[in-house]
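Student: Could you take me through this model step by step, giving the general idea of each feature before the case itself?

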Amino acid sequence: MRNISFTENHFTATNHKTASVVSPWTLHGAVCLQRLPVISQDRNPIEEQFSGLMQQMELERSLLSDHELRLLEDAARMSRKQEEDYDSDEEEDYGDKEIVTAQDLEDAWEQKLKQFHPAQRSNGDKLDVSSSERCLADSLVLLIKQDVGSQKVWLLPQIQWMAGETLRQTAERALTNLPGADLKATFLGNAPCGFYKYKYPKDIQKEGSVGAKVFFFKAVMFSPNHLPLKKNSFAWVKKDELKDFLTPEYLKQVYRFIMSL
Amino acid sequence: MAGIVCRTLSRVVSSQTSCCSHVVSVRHSHWFTSILSPKTSVPLRAEPKKKKKIDPRREQMMKERLKKKLKKLERVPPELIPIEDFITSAKCFDETRVREVPKLSFEETERRALLLKHWSRYKFSQHQAEMAEIKEALEAQRQALDELKIESEDLYKAAIAPDTDLFPFQHQGPCYTPPIPNYEAPDGKYNDITRVYTQ
């Protein structure tokens, strides 16, 4: 009995597919492009305390290194030289170590370090939201201001799906279609990481499409590039700044898969 | 008397040989040596014949003996290469290197114990947060795939197909300071003193 009914359903389903149009939702592909952190984060107070403690404990439990032994020897030798009854013939033959003491070596190394000027860790608050060099210690997500219906809304770059391509290709197209952008990004896998569905407002509802379903794909940017778009039309935001840009429903879905670890 | 007899005998013999030598000289060819010539010529000439049989055998015996010796040497298992990480160097047992550490006060030990406990609580909460975030992301992905399956089977199948271009995936992790643009790092000189062992 069960088998027969199953085949009937299958048969009717295929008939239904060939007969009518597909589901009433239009498909969109969107890309969640992230710029991963470039520098390490600053430490919390608790982390600072703990790292200090660990260094102290390591120092206490360690043995003296060659360099430290040499420092001690040099210090002992200097103190012996200061005494009145100093006889240099009694000393062993140290050779080079007398000319260049360990302390001199340390000073030379410090001088060399000072000659190297590393780049600044934090750029301060000079950079606004449209620069991708903003918060180097956090991962940033790209947002675009697009027209949806009659309003301009902030959302992740999305584009409508065309027949004959996979959704990942749609997402790639969404990225390359951004005007003036040649962002090189690696897409992480074929599967979408999240979705969002919304119904069109009544006036725009065409026949056969009640609303749209957006599937998000994750991508990681690996070459810093400045988008030559209009100033206010795109933004690089951290996870906790998303709520200032996105609508609540959209935010709720997007928040789930954006990682800020 | 005896001497005279000997001399006469030898004269007779020599006269006999001298007269016989005429007869003998006809047959005298290089194949026949005279009786009075040294005896060593006979075995010398026979030796090349012996070399054909005995010496090849002897050489073979020598070769076999050498081969057996080689095999015996090879059967010895090769010396194991020491793992330098597992050998504590003699420097660690050097007594002159012991660091003098001042004894910790009671307050210091208390502070350390409390800090360690605080740290374990902090790390636990951090771990909980991380696990929750990962779980949420996985759940979002699972729901997205379910929705896609409802939409169309083909797209779903394309989505769950493995991506071969992704791995090997490389990414430079965060450093302490950001990279300086167009920076040329100076070449470093180093002496490689790793010991190479051969078996």
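Student: Are Lys213(A) and Glu147(B) buried or exposed?

Tutor: Both Lys213(A) and Glu147(B) are buried, and please keep in mind throughout that this is a predicted model. In general, side chains of opposite charge can pair when their charged atoms come close. Here the side chains of Lys213(A) and Glu147(B) form a salt bridge, with 2.6 Å from N to O. Lys213(A) belongs to strand β7 (residues 211-221) of chain A and Glu147(B) to helix α3 (residues 106-151) of chain B, so the pair joins two chains.

Student: Which residues are joined into one network by salt bridges that share partners?

Tutor: That network is made of Glu60(A), Glu108(B), Arg111(B) and Arg112(B). Over all chains, a search of the whole structure finds 22 salt bridges.

Student: Which side chain meets Asp163(B) in a salt bridge?

Tutor: Asp163(B) pairs with Arg168(A), at 2.8 Å from N to O. This pair crosses between chains, running from the segment after α4 of chain B, where Asp163(B) lies, to helix α6 (residues 167-176) of chain A, which holds Arg168(A). Asp163(B) counts as buried because its relative accessibility is 18%, and Arg168(A), at 15%, counts as buried as well.

Student: How should I read the two sides of a helix, and which residues of helix α4 of chain B are buried?

Tutor: An α-helix has 3.6 residues a turn, so residues three or four places apart point the same way. In helix α4 (residues 153-160) of chain B, the buried residues are Leu155(B), Tyr156(B) and Ala159(B). Viewed down the axis of α4(B), these buried residues fall within an arc of 100 degrees, so they line one face of the helix. The face turned away from that buried side carries the exposed residues Asp154(B) and Lys157(B).

Student: What should I look for in the backbone of the segment after α4 of chain B, where Pro168(B) lies?

Tutor: Most residues other than glycine have a negative phi, and most peptide bonds are trans. Phe167(B) and Pro168(B), however, are joined by a cis peptide bond, with omega about 0 degrees. Asn182(B), also placed in the segment after α4 of chain B, has a positive phi near 55 degrees, and at 81% relative accessibility Asn182(B) counts as exposed.

Student: Finally, which residues form a positive surface patch?

Tutor: Lys63(B), Lys67(B), Lys68(B), Lys71(B), Lys72(B) and Arg75(B) form such a patch. One of them, Lys68(B), is found in helix α2 (residues 41-75) of chain B and is exposed, with a relative accessible area of 59%.

Methods. Residues are numbered from 1 along each chain as its sequence is written. Chains are lettered from A and ligands numbered from 1 in the order in which they are written. This is a predicted model: local features need pLDDT of at least 70, side-chain atom pairs count only at pLDDT 80 or more; totals for chains, interfaces and linings use all residues. Side-chain values use heavy atoms; hydrogens and water are left out. Patches are made of residues with over 30% relative accessible area and no salt bridge: like charges are joined within 9 Å, nonpolar side chains (Val, Leu, Ile, Met, Phe, Trp, Tyr) within 5 Å. Accessible areas come from the Shrake-Rupley method with a 1.4 Å probe; for residues, only the protein chains shown count as cover. A salt bridge is a side-chain nitrogen of Lys or Arg within 4 Å of a carboxyl oxygen of Asp or Glu. Lys and Arg count as positive and Asp and Glu as negative; His and the chain ends are not counted. The place of a charge is taken as NZ of Lys, CZ of Arg, CG of Asp or CD of Glu. Helices (H or I, at least four residues) and strands (E, at least two) are DSSP runs, numbered from the N terminus. Buried means under 20% relative accessible area, exposed over 50%, partly exposed in between (1.4 Å probe, protein chains only). The arc is that of the directions from the helix axis to the C-beta atoms.
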